[in-house]
Amino acid sequence: MKRLISILVALSAWGIAIGQPSVRIAHGPYLQQVTDDGFTVVWTTTINAASWVEVAPDDGSHFYAAERPKYYDSHIGKRRIGRLHRVRVEGLAPGTTYRYRIMQQGVLCDEGNKRVVLGEGYGSDILKHKPYTATTLDEKKDQTEFWVVNDIHAQDSIFRLLLEGAEKAKPDFVCFNGDMLTSMESEKQLFEGYLNSAAELLTPAGIPIFATRGNHENRGSFSPSFLDYFPTSTGEVYYTFRQGPAYFVVLDCGEDKPDSDIRYYGLSTTDAYREQEARWLKGVVESEEYRAAPLHIVVLHMIPGGKSSWHGEQEIRRLFVPILNEASVDIMLCGHYHRYQWIDDGSRGTNFPILVNSNRDKLVVKADRRGIDIDVVNTGGEVIKRHRIDK
């Protein structure tokens, strides 16, 4: 009888697998939340799956020379099943390059507590191509280079022109400084708007993404899912990190109009969120980690308000600027206006310069202990503006 039951169970599992689609990578992968001791890999699959990431040192050995540690997509002590996968790899050394591959098993049957049947494993098969790489951050690095793009509004062709050459130049990271979409309505729109191209152009070179939320990413039925695709070290859409001599403060601008505006349908709580963010920011600039850094760079989509600015910009000036004016900020990088501006006259209440990047250019930023060099580069690869900030 026991043997008969075993045979029936095996036949049942085989029957479930018949006609079931094989799991494949649908979008990604791409690198997020890179720190000095780890990184997060994000991707989606064609069907529900259980996933993991295998990691090996970049030491010239074959990936299959030894059993490699596995890191699972898990949450509160249990592996997650779904189409979106976010695997955190930790316990790594600073400033070190690692190889990794992603794997998943499709869910053939999910009957809850009764049984779960997983299919064959499939992923980034390194027998066919090289494994992906990721390099952890390193505050001891002498300099850092990074790129900034913003206000793409799903114009993928422009986005691709701006990222052209990234694989060869290999900046430490690329910052998406807000309004990459006009609104967030679906996962499909997110990937087709720019994130498929980002994965294609950046992941093979091991270049991570650091994302800033713009006011337009606050909008749309899919907007509450922002952190699912762009996880941060704080669990909020504002966070910090350090690379080389530069300490980065990535701020969330919130919406540009008051919460009561009819276009927000009574759902916006931006004003309270900015108040919370300001309290967090005060603690950041008072920390030893912040004070010890030679350079301080603020990344924020919307600019602090001027005389004729809208509500959101005025709130940024009221809440953030007094804190930042006491924090030895070297440069603030913004977008939002869709046109280039260099503001160093104090008209926005700041005692530090503000560079507003257009929606058709990228910033190429190089920083060391002596200062910061910024090139404004158009879609043709031509440097159209150049700035130097001496420390």
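Q: Before we start, what does pLDDT have to be for local features here?
A: The model is predicted, so local features need pLDDT of at least 70 and side-chain atom pairs count only at pLDDT 80 or more, while totals for chains, interfaces and linings use all residues. Residues are numbered from 1 along each chain as its sequence is written, and side-chain values use heavy atoms, with hydrogens and water left out.

Q: Which residues does the cis peptide bond join?
A: The bond joins Gly28 and Pro29, with omega at about 5 degrees. Pro29 belongs to strand β1, residues 25-32; strands (E, at least two residues) and helices (H or I, at least four) are DSSP runs numbered from the N terminus.

Q: What about Gln33, what is its phi?
A: Gln33 is not a glycine, yet its phi is positive, about 50 degrees. The residue sits in the loop between β1 and β2 (38-57).

Q: And is Gln33 buried or exposed?
A: Gln33 counts as buried because its relative accessibility is 18%. Buried means under 20% relative accessible area, exposed over 50%, and partly exposed in between (1.4 Å probe, protein chains only).

Q: Where does Lys170 lie?
A: Lys170 lies in the loop between α3 (166-169) and β11 (173-177). Lys170 has a positive phi of about 50 degrees, and this residue is exposed, at 52% relative accessible area.

Q: What does Asp179 touch, then?
A: Leaving out residues up to four places away in sequence, its contacts include Asp151, His153, His216, His301 and His336. Contact means heavy atoms within 4.5 Å. Asp179 itself is found in the loop between β11 and α4 (187-202).

Q: Let us move to Ile81. Where is it?
A: Ile81 is in strand β6, residues 81-90. At 41% relative accessibility, Ile81 counts as partly exposed.

Q: How far is the C-alpha atom of Ile81 from that of Ser51?
A: The two C-alpha atoms are separated by 7.8 Å, although the residues are 30 apart along the chain. Among the residues that Ile81 touches, not counting those up to four places away in sequence, are Asn48, Val107 and Val116.
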